[in-house]
Amino acid sequence: MLSANTYNKDGSNYVKPYIIKKVKTPEGEVNLGILGLTIKEVGESKYWDEESGKLVKAKSLELKDQPGFEDLYMNDLVEDAKKYVKDMQKDGADVIVAVAHTGERPKKPKNPGNRIQDLATQVEGIDAIVAGHNHEQIKQHDYTNKAGEKVIVTEPGKHGDCISKINFKLEKDKDNWKVVDKSSDLKQIEQPPYVKNLEDFFAGLASIDEKTTEINLAKIIPFKWDKVYYFKTPISKEEIYDKVGYKWKSIADNIDKNMLQLVFMEGEKVVCYISVDKELFKFDMKFDESDYEGNVVTIYPNKNDKFKAKVNRNDFSQYLTHIK
């Protein structure tokens, strides 16, 4: 975790301002400097005041004015970058990349502190900037700083949509490295259709008629899946992750007995995750104890996916009981 412009009340750095990583190449080691920077306006315009029991307008969006964070403050990231880039160069950085939680341009009054454009044009010595905060996808925007140096900016979208890939071409200049070319691109990360599949799952349940007494999951669930895990609750998230084989999203550390947990798989990938309160949603799936292996029942389409259906449109309840 890096943030050069975040400080404790006594003026010391809250976390490391930068790191220098040694990257091995066929021509020798390159010192890659990574500088962390953070937008000052990190707070909410309103906060919940426990004493009055009301939403209260904050003094400002700055960290120091947020309740509970009075012992921290942030300086202007552009001014601090000027200082720390010089420190990084003294520490031997051959290439400097700024990773900054701030948007490219100001969007007053909503995002007054977006400073990427200023960072790129006003600070000498930065080769590339990875932006954030605005949730935009930027393959490459080019800027020129006061020394006439090209600075490239990239932003990898939001929620793990993409990864920014930055390429540097370097040449040895005596004992030092010189950046002779640079470029950036976005690598799109495959996103399973969680939201659509979630909607399709509940649409499939809603299609069950009150007169229907038996259903097959494969016939009412339209998206592609080859198995579904039903987890006995209470359960920890680690138990779910162990069964699935990887951590695909952040779920609650411990899930209580009222929560239904369904994970649909296609091959080795999760394609749908259902986590609902059984009482609130009036929905549950019931199994015989002999159906469980440990804390999970595994259902396969058109093999063991038959259920008795009990649907009541008056209270919108839907209960499925497994048929062997």
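Let me begin with the ground rules: what we have here is a predicted model, in which local features need pLDDT of at least 70 and side-chain atom pairs count only at pLDDT 80 or more, while totals for chains, interfaces and linings use all residues. Residues are numbered from 1 along each chain as its sequence is written, and side-chain values use heavy atoms, with hydrogens and water left out.

On the overall form, the protein has six helices and 22 strands, where helices (H or I, at least four residues) and strands (E, at least two) are DSSP runs numbered from the N terminus. Its radius of gyration is 27 Å, well over the 20 Å that the globule rule gives for 324 residues, so the protein is more spread out than a compact globule; the radius is taken over C-alpha atoms, and the rule is 2.2 Å times the number of residues to the power 0.38. Taken along the principal axes, the box that the C-alpha atoms fill is roughly 80 × 60 × 35 Å.

Turning to burial, 41% of the 324 residues count as buried, and by that I mean under 20% relative accessible area, with exposed being over 50% and partly exposed in between (1.4 Å probe, protein chains only). The protein exposes about 18,800 Å², of which carbon and sulfur atoms supply 48%, the areas coming from the Shrake-Rupley method with a 1.4 Å probe. Among the contacts with a separation of 6 or more, 56% come from residues 24 or more positions apart, a contact being heavy atoms within 4.5 Å.

Now to the cores, by which I mean sets of buried Ala, Val, Leu, Ile, Met, Phe, Trp, Tyr and Cys residues joined through side-chain atoms within 4.5 Å. Which residues have the most contacts inside the largest nonpolar core? That core has 28 residues, and the ones in question are Phe201, Leu217, Leu262, Phe264, Met285 and Leu320. Several elements each supply at least two residues of this core, including helix H3 (194-206), helix H4 (217-220), strand E17 (259-266) and strand E18 (269-277), and the largest share, four residues, comes from E18. Apart from this core lies another, of 25 residues, among them Ala4, Leu77, Met88 and Val153.

Phe264 deserves a slide to itself. Not counting residues up to four places away in sequence, Phe264 touches, among others, Phe201, Ile221, Phe223, Trp225, Val271 and Cys272. Ile221, found in the loop between H4 and E14, counts as buried at 3% relative accessibility, and with sequence neighbours up to four places away set aside, Ile221 touches Phe201 and Phe264. The C-alpha atoms of Ile221 and Ala203, 18 residues apart along the chain, are separated by 8.3 Å.

Next, the backbone. Most residues other than glycine have a negative phi, and most peptide bonds are trans. Lys174, although not a glycine, has a positive phi of about 60 degrees; Lys174 lies in the loop between strand E11 (162-173) and strand E12 (176-188) and is exposed, with a relative accessible area of 77%. Asn302 also has a positive phi, near 65 degrees, and this residue is found in the loop between E20 and E21, exposed at a relative accessible area of 58%.

I will finish with two further loop residues. Glu124, in the loop between helix H2 (116-122) and strand E8 (128-130), is partly exposed, with a relative accessible area of 44%. Leaving aside neighbours within four places in sequence, Glu124 is in contact with Val85, Asn145, Lys146, Ala147 and Glu149, and Glu124 and Tyr84, 40 residues apart in sequence, are 11 Å apart in space, C-alpha to C-alpha. Ser12, for its part, has its place in the loop between strand E1 (6-8) and strand E2 (18-25) and counts as partly exposed at 31% relative accessibility; the C-alpha atoms of Ser12 and Leu72, 60 residues apart along the chain, are separated by 9.8 Å.
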